[in-house]
Amino acid sequence: PDEQLDLDDGRWEDIHVVTGALKLFLRELPEPLVPFSHFDKFIAAIKIQDPSLRGRCIRDLVLSLSPAHHDTMKVLFRHLCRVVEHKEENRMSVQSVAIVFGPTLLRPACEEGNMAMHMVFQNQVVEHILNHYGHIFPD
């Protein structure tokens, strides 16, 4: 149903409610923002030791996403970069944002195996995209 939200309603004043709603929306997508088909590719790319090769691989992987995934990622990460710019006030550093959004944006098709190990790499992928936003999404 087309539910109209009134963002001036007082219940939206708590930033945690808005952030929680965004995370829930992203988590409940039938497929994550980084499609299941790309999960292993992103994990392999973030493990590359050579920084310039790693950067090229991740940028190429982002570019290989469908327009819907790519464009949504661009808007979301632009916003998350703005959140990080205010880390002195909101205590949301690149690492904090990556911990919050990593497992939501990138997850394997079946949640088995070493989830703790995956999480480290999921977070590193999000950190990398935040730290290299301008290179990955040139305007």
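Close-up 1. Helices (H or I, at least four residues) are DSSP runs, numbered from the N terminus. Buried in α7 are Phe121, Gln122, Asn123, Val125, Val126, His128, Ile129 and Leu130, where buried means under 20% relative accessible area, exposed over 50%, and partly exposed in between (1.4 Å probe, protein chains only). The end C-alpha atoms of α7 are 24 Å apart, which agrees with the 24 Å that its 17 residues should span at 1.5 Å a residue; the expected span is 1.5 Å times one less than the number of residues.

This is a predicted model, in which local features need pLDDT of at least 70, side-chain atom pairs count only at pLDDT 80 or more, and totals for chains, interfaces and linings use all residues. Residues are numbered from 1 along each chain as its sequence is written, and side-chain values use heavy atoms, with hydrogens and water left out.

**Close-up 2. The largest nonpolar core, with Met73 and Ile129.** Such a core is a set of buried Ala, Val, Leu, Ile, Met, Phe, Trp, Tyr and Cys residues joined through side-chain atoms within 4.5 Å. Among its 32 residues, Met73 and Ile129 touch the most other members. Two or more residues come from each of α2 (36-46), α3 (51-63), α4 (67-85), α6 (94-105), α7 (115-131) and α8 (133-136). With 6 residues, α4 gives the most. Leaving aside residues up to four places away in sequence, Met73 touches Leu33, Val34, Val62, Leu65, Ile129 and Phe137.

**Close-up 3. Arg91 in the loop between α5 (87-90) and α6.** Arg91 is not a glycine, yet has a positive phi of about 60°. Arg91 is exposed, with a relative accessible area of 70%.

Notes
Contact = heavy atoms within 4.5 Å.
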